[in-house]
Structures are given as structure tokens and as C-alpha cells.
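Notebook open, model loaded. I'm jotting things down as I look them up.

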Amino acid sequence: MKKNRYLFTIMTSILLCISIHTAYGINTIIYKDTLQKDSINNKKRMVYKLRPAADISIAAGCAAWSGYLLTTQIYSKGPSTEQQILSLNINSIDPIDRIGVYPYNEHLDKTSYYPFYTAIPLPLVFFLTGNDMRSDFPKLTFLYLETLSITGMIGTSATYFVNQYRPYAYTAQTSMDKKLTQNAKNSFFAGHVEIIATSTFFISEVYSNYYPDSKIKWLFFTAAGLATAGMGYMRLEAGMHFPSDILLGAVVGASSGILVPYFHNHKIIKNTNLTFMPFFNSNAGGLSMMYAMK
């Protein structure tokens, strides 16, 4: 279990940076000189530009995979046996995660769903607060849905590929009936934290892109960090996730929320002849580079 978890964590970190960079970085949106010209000509500047073929494919593919796992796999693992639960040993947990072994707290678990469900539509409400964002509402909505699909793909894949018992399964204070449920195997990693981070950091990044000269940008990112930390605390105290689950959920969510809009707004590689593309097959995965000669 540990091997799968570590492997997935490393691969997620690498692929998140590579795939988002290669998908968006070489096909940019806005150049600094374009922004200056728009300012001079008093034209409304284009903050984000979507590439329909690529963006729709990415959003649809990630959403389809997430939907498949959610409806047919993640919650169909089957219950544990009492022998499996009794064989769990807290000493087999990493030292950093042992401090996060709490019994199940039903009140905190249920309470955490209120901010979770509130965070999902929150960016859509935020888009209506400014004239420029309001005029770009359809574009921003799709960009946010694409971000959610990427976040969901990573989170559901983690739960699917790694069976990790929740902290409460290691405690004597939690009822055996609760520990036997199939949901007790879905600790890796913290989906609630991931969604909160995605939503709030997406809002922060969008605000900073639309209002780059604002002096209160830091307040949005600070609020996003506090909201993410608050959700992490509730999930920890509820006995639902280990500290490492919460940390990874926060990193993945914040990265998706920031990087997806960021790379729709910046050009990283200016040489349009140079193309990077991730590849995967049955034997290996990696990054290919192609250069078109003129």
C-alpha cells in the first residue's frame, strides 16, 4: 500500500506540472505587448483564450474518467472483514501520520460537507462581481469546469489505485460497523480539501489576472489558504484523513486552481516551432519534443 501511495504521489507531482505546462504553456493567450497595445487603443483586453479542440478534449476526458470511477469503482470496493480490521497496526503507519489517528467524529464529518458543497459553485458567483469577469462569464465557467475535471481526475484516480484505510479504522473508539464499510478504505487522498483548494485558489488566480495592479490580491490567496487549512483541520479531527492525505489534497487542489488559468494567460515557450507532448503506452510514459523546421 505504501509503495502505491508513494508512487502515485510522485507521479502526480511530476505529471501535474508537465501535463498542464505542455497542454497550455506552448499555446498562449496573452502577450505583454498585446496588453500594452490594447491599453493604448482603449480596447478590452483578452485575459484568457481557450483552444476549443484541446480544452474540450481535456475537460471531457478527465470528467468522463472521474465519472466512471465515482459511479462504478470507488464506492464499489466491497466491505472489509473483521479479521482485516483487527490486523491493522498503527505502527505500520508513517510517523508523521500517526499523530493524525483520531476516532470517527460524525458531527465534524457531516459539517465539513457544508463548505464543501458551497465551494463548488462559489467561483460562478464570484465571476458576477466584476464587469470584465461578468462579460467573460461563459469562458470563465468553462475554464473552471475544466479545472474541476482535472482535479477530479487526479483525486478519483488516487482513491481508485490506492486502498488506504482511514485513520478511524485504527482506533478502538470507532464502532466495528463503521470500520467495516467500504468507505473506510478511501482515505487517500483528501477530496474535500482538494475541492476547497481548487475553488478558492482558482478565484484568487482569476482575480489577480483580471486586476494585476490590485493591492489586495494577497488577501484572496491568504483567504484561500485559510479555507483550505480549515477544511483540512475538520477532516483530520473527524478521523477521515491522515496529515499526508490532507497535504497532498491541498497541493493538488491549489496547483490545479492556479496553474490551469495561469497557463491560459501566459506564454512560457515563445518558439511556436517547438512542441512538447506527453506520451503514454503500455510500457512507458514520458515527454516527447518535436521541432518543425521551416
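How exposed is Arg98, going by its relative accessible area? I get 34%, so Arg98 is partly exposed. For my own reference, buried means under 20% relative accessible area, exposed means over 50%, and partly exposed is in between, with a 1.4 Å probe and protein chains only.

Before going on, a note on what I'm looking at. This is a predicted model, where local features need pLDDT of at least 70, side-chain atom pairs count only at pLDDT 80 or more, and totals for chains, interfaces and linings use all residues. Residues are numbered from 1 along each chain as its sequence is written, and side-chain values use heavy atoms, with hydrogens and water left out.

**Arg98, continued**

I find Arg98 in helix H5, residues 95-98. Helices here are DSSP runs of H or I with at least four residues, strands are E runs of at least two, and both are numbered from the N terminus. Leaving out residues up to four places away in sequence, Arg98 touches Ile90, Asn91 and Ile93. Contact means heavy atoms within 4.5 Å. I also checked Tyr170: it is 72 residues from Arg98 in sequence, and the C-alpha atoms are 9.8 Å apart.

**Whole chain**

I count 14 helices and 2 strands in the chain. Of its 294 residues, 44% count as buried. The accessible surface is about 15200 Å², and 64% of that belongs to carbon and sulfur atoms. Those areas come from the Shrake-Rupley method with a 1.4 Å probe, and for residues only the protein chains shown count as cover. I then looked at contacts between residues at least 6 apart in sequence: 78% of them join residues at least 24 apart.

**H12 on H14**

Next I looked at helix packing. H12 (residues 191-210) and H14 (residues 243-262) pack at about 30°, with axes 7 Å apart. That makes H12 roughly parallel to H14. Axes are lines fitted to C-alpha atoms, for helices over the stretch in contact, with angles from 0 to 180 degrees between N-to-C directions. Angles under 35 degrees count as roughly parallel, over 145 as roughly antiparallel, 65 to 115 as roughly perpendicular, and the rest as oblique.

H12 and H14 cross in a right-handed way. Right-handed means the near helix is turned clockwise from the far one by less than a right angle; anticlockwise is left-handed. On the H12 side, the contact includes Val193, Phe201, Phe202 and Glu205, and on the H14 side Gly249, Gly253, Gly257 and Tyr262 are among the partners. By class I get 11 nonpolar, 5 polar and 2 charged residues for H12 with H14. Nonpolar covers Ala, Val, Leu, Ile, Met, Phe, Trp, Tyr, Cys and Pro; charged covers Asp, Glu, Lys and Arg; the others, Gly among them, are polar.

**H10 and its neighbours**

What angle do H10 and H14 cross at? Roughly 145°, and the axes of H10 (residues 137-161) and H14 come within 9 Å. This crossing of H10 and H14 is right-handed. From H10 I noted Leu143, Thr147, Ile150, Thr151 and Ile154, against Val252, Ser256, Gly257, Val260 and Pro261 of H14. The H10 and H14 contact has 6 nonpolar, 4 polar and no charged residues.

H3 (residues 52-72) packs on H10 at about 40°, with axes 8 Å apart. The crossing of H3 and H10 is left-handed. Among the H3 residues that meet H10 are Asp55, Cys62, Trp65 and Leu69, with Phe142, Glu146, Met153 and Tyr160 among those in H10. I get 13 nonpolar, 5 polar and 2 charged residues for H3 with H10.

**Loops**

Gln173 sits in the loop between H10 and H11 (176-180). At 63% relative accessibility, Gln173 is exposed. Pro103 is 70 residues from Gln173 in sequence, yet their C-alpha atoms are 5.8 Å apart.

Arg45 lies in the loop between H2 (32-40) and H3, and its 23% relative accessible area makes Arg45 partly exposed. From Arg45 to Asp132 I get 9.2 Å between C-alpha atoms, across 87 residues along the chain.

Last entry: the peptide bond from Phe188 to Phe189 is cis, with omega near -15°. Phe189 is in the loop between H11 and H12.
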